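Colleague: I would like to learn how to read a model of this kind, going from single residues up to the whole chain. Could you take me through it step by step?

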Amino acid sequence: MENSTHYEVFRLAAYGDIGRLKYFYFALVTVLYFVIILANALLIGVICIERSLHEPMYLFLCALFVNQLYGSTGLFPALMFYLLSDTHDISLIYCYLQIYVLYTCALTEFSNLAVMSYDRYISICYPLRYNSIMTPKIICGLILLSWLSSFFLIAIIISLSLRLQFCGNILNRLYCDNYSVVKLACSNTMLNNIWGLLVTVVYVSCTIFPTIYSYVRILQICLKSSKETKQKAFNTCTPHIASMLNFFFGWLFVILQGRYETADLPPILRTILFVYFLICPPIFNPFMYGVRMVKIRHSCNKVLGLNPGT
């Protein structure tokens, strides 16, 4: 083991010295955070208020928007603080708390998107049995499973990281991520690596593969169905596929940056790619679903007192 020190703080080196540009970045981040809160909170409120939206698809969407608010709160307040601060030190405890929030948000997002694909699969492939399968008990169970499984798995990851001793405390990041923290460890990280790999394999197996299967089956059914059925499937599945790809590629950018050297990329591009999955989906999804899904759009117009025909 190399010489280790008991560090109380990590230093987030990615902020660097941005001079007066910090006020511009702070204003930009503040506007983005405000838009995320407004857009997601609006759709959560509309879905809760409008009884016509108390259907499985919209309840799963509501859970998705709640998770996006949760994840954004794990990033934006700290980001806003450090942009204006002259020091970029983050305490060990808050660093682990931020990792916990952001990682549970990511896993819950994968789970929510998989559950939504299952809902579309049942709706399109078994329309006559849809209401008997997607009962309120099943809906609540799937939403709770998405959250509780991620909370449990990431709690184990954090507990494994808490036991580590570190040889350094410089994180070349805008926020804490577990991979960067573990790389600073002098102590044995085999358990961390094994558990991280296991969680990745489990979540890929339990979310991405069932999602792919669901859409393959939906495609098979649509090829044999009427034009009306195809149009219904297109209208309800397009926003989900778009949000799924948007989040998947954003998370892929983070994984690739953590494991491969990206020093050749411009710093601003590295920064954008690293925060993409925490900024773009929470902005993109509410507008995508709000515009593409007619019932949500009409309900928003009704709640806001706008002309329903707009």
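Modeller: Let us begin with Asn285, which, once its neighbours within four places in sequence are left aside, is in contact (heavy atoms within 4.5 Å) with Leu64, Phe65, Gln68, Glu109, Ser243 and Gly290. This is a predicted model, in which local features need pLDDT of at least 70 and side-chain atom pairs count only at pLDDT 80 or more, whereas totals for chains, interfaces and linings use all residues. Residues are numbered from 1 along each chain as its sequence is written, and side-chain values use heavy atoms, with hydrogens and water left out.

Colleague: Is Asn285 buried or exposed?

Modeller: Buried means under 20% relative accessible area, exposed over 50%, and partly exposed in between, with a 1.4 Å probe and protein chains only. Asn285 counts as buried because its relative accessibility is 0%. Asn285 has its place in helix α9, where helices are DSSP runs of H or I with at least four residues, strands are runs of E with at least two, and both are numbered from the N terminus.

Colleague: Which residues does Phe277 contact beyond its neighbours within four places in sequence?

Modeller: Phe277, also found in helix α9 (residues 267–292), is in contact with Ala106, Tyr175, Phe247, Gly250, Trp251, Val254 and Pro282. Trp251 lies 26 residues from Phe277 in sequence, yet the two C-alpha atoms are 5.7 Å apart in space. Phe277 is buried as well, since its relative accessible area is 4%.

Colleague: Which residues does UniProt list as "transmembrane region"?

Modeller: The unreviewed UniProt entry lists residues 23–46, 58–84, 96–118, 138–162, 194–216, 237–256 and 268–289; positions are given in the numbering used here, feature names are shortened, and annotations may be inferred rather than shown by experiment. Two of these spans can be checked against the model: residues 58–84 are 100% helix and 0% strand, with end C-alpha atoms 39 Å apart, and residues 138–162 are likewise 100% helix and 0% strand, with end C-alpha atoms 36 Å apart.

Colleague: How many helices and strands does the protein chain have?

Modeller: The secondary structure comes to 10 helices and 3 strands, and along the sequence they follow the pattern β-α-α-β-α-α-α-β-α-α-α-α-α. Of the 310 residues of the protein chain, 46% count as buried, and among contacts with a separation of 6 or more, 81% join residues 24 or more positions apart.
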